[in-house]
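Colleague: I am new to this structure. Please show me how to read it.

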Amino acid sequence: MLTKKMEKLLNKQIVEEYYSSNLYLAMSSWCKNQGLNGSANFMLKQAEEERQHMLKLYHYVNESGGHAIVPALEEPPVQFKSLGTIYEQAMQHEQHITQCISNLVTASWAEKDYATFNFLQWYVEEQHEEEAQFQGILDLVKLAGLDGRGLYLVDKQVGKLAEKKS
């Protein structure tokens with residue numbers, strides 16, 4: 001059974017995950033409009049994945065005696081300076097989500113809510129993977145650049161990552 005404090009914190013994380021999905025969907029649309037199909041597909045897969053993260057929390061809250069609430073969301077940005085900016089912002093966003101998950105883990109331990117603590121371990125590992133993935137993309141951007149062939153190479157390589165997510 002969730003405490004009211006944990007229910008409130010988990011509902012806050014539902015908002016974070018749902019916003020992540022919308023942010024990546026907006027990034028996908030921008031990429032598609034720029035002809036960056038590999039990145040568009042990758043970000044679309046990311047958006048779908050984040051929605052699944054939100055639903056996992058939603059179900060956990062409801063199955064644990066709480067009431068999952070999905071309020072209205074802030075609109076994500078829809079214009080981006082460059083593909084590099086998109087991946088930098090995505091990395092910063094994932095670091096923010098990692099901190100949110102860390103705060104949830106700390107709170108669940110303090111509340112002696114070991115079921116939630118255990119449940120959150122999946123998110124801890126997932127965030128590790130997300131940050132490593134985006135760092136890899138940023139490393140590729142740094143190595144290849146985003147001028148001419150570099151842009152093509154980065155988009156193509158990121159597109160291959162999207163195929164692996166299928």
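Colleague: How many disulfides does the count come to?

Modeller: A disulfide is a covalent bond between the sulfur atoms of two cysteines. The rule asks for a pair of cysteine sulfur atoms within 2.5 Å. Here the count comes to zero disulfides. This is a predicted model, where local features need pLDDT of at least 70, side-chain atom pairs count only at pLDDT 80 or more, and totals for chains, interfaces and linings use all residues. Residues are numbered from 1 along each chain as its sequence is written, and side-chain values use heavy atoms, with hydrogens and water left out.

Colleague: Is Cys 31 buried or exposed?

Modeller: Buried means under 20% relative accessible area, exposed over 50%, partly exposed in between (1.4 Å probe, protein chains only). Cys 31 is buried, at 0%. Cys 100 is buried too, at 14%.

Colleague: How many salt bridges are there?

Modeller: Side chains of opposite charge can pair when their charged atoms come close. The rule wants a side-chain nitrogen of Lys or Arg within 4 Å of a carboxyl oxygen of Asp or Glu. The count is two salt bridges. One joins Glu 7 and Lys 4, with the closest N and O atoms 3.3 Å apart. Glu 7 is buried at 11%, whereas Lys 4 is exposed at 67%.

Colleague: Which residue forms a salt bridge with Lys 5?

Modeller: Glu 111 does, with the closest N and O atoms 4.0 Å apart. Glu 111 is partly exposed at 28%. Lys 5 is also partly exposed, at 44%.
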